[in-house]
Amino acid sequence: MKVKQWLASSLAVLMLVSTVGCGDNSSSSKAESKATNSSAVVSETAMPEKDYATTTDGSAKVKIDGTKFMVGDKELWFNGVNAPWDKWNDFGGGFNFEFWQDHFQKLHNSGVNAARIWIICNGDVGMAISADGTFDGATTAHWEDLDNLFYLAEQYQIYIMATVQSFDNFKDQNQNYQAWRTLIQDSDKTDMFVDNYIVPLVQRYGKSDYFWSVDLCNEPDWIVENEECGKLDWLYLEQYYAKAAAAIHANSDVLVTVGLGMIKYNSDSQQGNKISDSELQSVLSGDKYDKSLAYVDFYSTHWYTWMQGMWGYPFSESPTDFGLDGTKPCVIGECPAVASDSDFDITSAYEDAYNNGWNGVFAWKTSGQDDGCGLWQDIQPAIEKMAGICEDKIFPNGKKTV
């Protein structure tokens, strides 16, 4: 693997010295620059079976106790950020090691302990998907870039929430949109994606303490609601989430969630919790998957200021008051860092969420181009304030100097 020599030298240096865009409900502003596909495709039994854990021993692994995240016997709070990409479709399409190393160093220094990263942005790069929705695997470049990412995550104590699909996959402006729509509506082809990507992903990196979770889809709400994304039925999406969650739980101890764009689809007090245990388990049939393993481990609801008039302000409420069911840990998986349409203050939002029982906040965003919702310099004061309030929960095993 071409990356190994660089990784080895980087590790030696480190030993010596010892991150709907803006809630847009009609279209995505997140596609910034696209790379080309690689033809070097790996099979489901080749590279992905590597047991990748270079420096971790399980002591920093995230577990769940009731409605709390834990590391060992200590509570963990996610002082998180969205660092979705450097350039759109990084993984298998131009991953820049130096950028991510510098970025993680900067985040770590200020007190970030988790990042939500889109390892698949829209499915046009790094994925071997045919026009008929047949999914054969990921490219060699994709896996090598992820090797780099998880190496850096371990060095800088950054827990990774890996987003593996988005409503962007289904948008009619993308070259493979019809293939992804076919894949998600065909049970056998959905199985191929789970077998040939989701399972290899958690088998390859699942032993890393810093592979915290898989976000099965970014804001599927728009796949259901928007014509440009196909207006697909929730049933197809739920079947994918159920299958993928069951497969992840059967093959690893990596946690699972779905980043729902609006609380209305994550709450029985609204239009129903589309990812409740009962909902996901009700859509599975046959004996390929263990129905009892079809569940998300925590909720990751998104919020933007345009939602406040309809569903309230989550930071000043507990997760249950906001509409979640109180059975699982809850994070705010996306929120703006700045908002031109209100006096929203991200520093107060992080502190209020902490005081009201949320298990973490992930502001949008620290990397990529400015889409009007803020960048790292806008989020940094909130991160640093929380590091001063609860560093013992942000780095339960202590913050190391890198």
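At roughly what angle do the axes of helix H4 and helix H5 cross? I opened this predicted model with that in mind, and here are my notes.

**Confidence.** I looked at pLDDT before going further. The mean for the protein is 90, and 86% of its residues reach 70 or more. Residues 1–21 have pLDDT below 50, and that stretch has 50 contacts in the model beyond near neighbours in sequence. Residues 23–46 also stay under 50, with 71 contacts beyond four places in sequence.

**H4 and H5.** Back to my opening question. The axes of H4 (residues 177–185) and H5 (residues 187–205) cross at roughly 105 degrees and come within 5 Å. That makes H4 roughly perpendicular to H5, since 65 to 115 degrees is the range for that word. From H4, I find Trp180, Thr182, Leu183, Ile184 and Gln185 in the contact; from H5, they meet Ser187, Lys189, Thr190 and Phe193. By type, the contact residues are four nonpolar, four polar and one charged.

I then asked which residues of H4 are buried. They are Ala179, Trp180, Arg181, Leu183 and Ile184. These buried residues pack against strand E6 (127–129), strand E7 (135–138), H5 and helix H7 (234–251).

**The sheet.** Next I traced an open sheet of eight strands, with parallel pairing and the order E10-E9-E8-E5-E4-E15-E14-E13. Its edge strands are E10 (255–259) and E13 (299–302), each pairing on one side only. From one strand to the next, the twist averages 25 degrees. I zoomed in on E14 (residues 330–336) and E15 (residues 360–364), which run parallel and are joined by three bridges. Ile332 has Val361 in E15 as its bridge partner. Helix H11 (residues 346–355) packs on the sheet, where it touches E4 (78–82), E14 and E15. The direction of H11 makes about 160 degrees with that of E15.

I noted a cis peptide bond from Trp364 to Lys365, with omega near -5 degrees. Lys365 lies in the loop between E15 and helix H12 (376–394).

Asn89 sits in the loop between E4 and helix H2 (97–110), while Lys231 is in the loop between helix H6 (221–225) and H7.

Are they buried or exposed? Asn89 counts as buried because its relative accessibility is 3%, under the 20% cut-off. Lys231 has a relative accessible area of 43%, so I wrote down partly exposed.

Terms used
Residues are numbered from 1 along each chain as its sequence is written. This is a predicted model: local features need pLDDT of at least 70, side-chain atom pairs count only at pLDDT 80 or more; totals for chains, interfaces and linings use all residues. Side-chain values use heavy atoms; hydrogens and water are left out. Axes are lines fitted to C-alpha atoms, for helices over the stretch in contact, and angles run from 0 to 180 degrees between N-to-C directions. Helices (H or I, at least four residues) and strands (E, at least two) are DSSP runs, numbered from the N terminus. Angles under 35 degrees count as roughly parallel, over 145 as roughly antiparallel, 65 to 115 as roughly perpendicular and the rest as oblique. Contact means heavy atoms within 4.5 Å. Ala, Val, Leu, Ile, Met, Phe, Trp, Tyr, Cys and Pro count as nonpolar, Asp, Glu, Lys and Arg as charged, and the others, Gly among them, as polar. pLDDT is the predictor's confidence in each residue, from 0 to 100. Two strands pair if DSSP finds at least two bridges between them. Buried means under 20% relative accessible area, exposed over 50%, partly exposed in between (1.4 Å probe, protein chains only).
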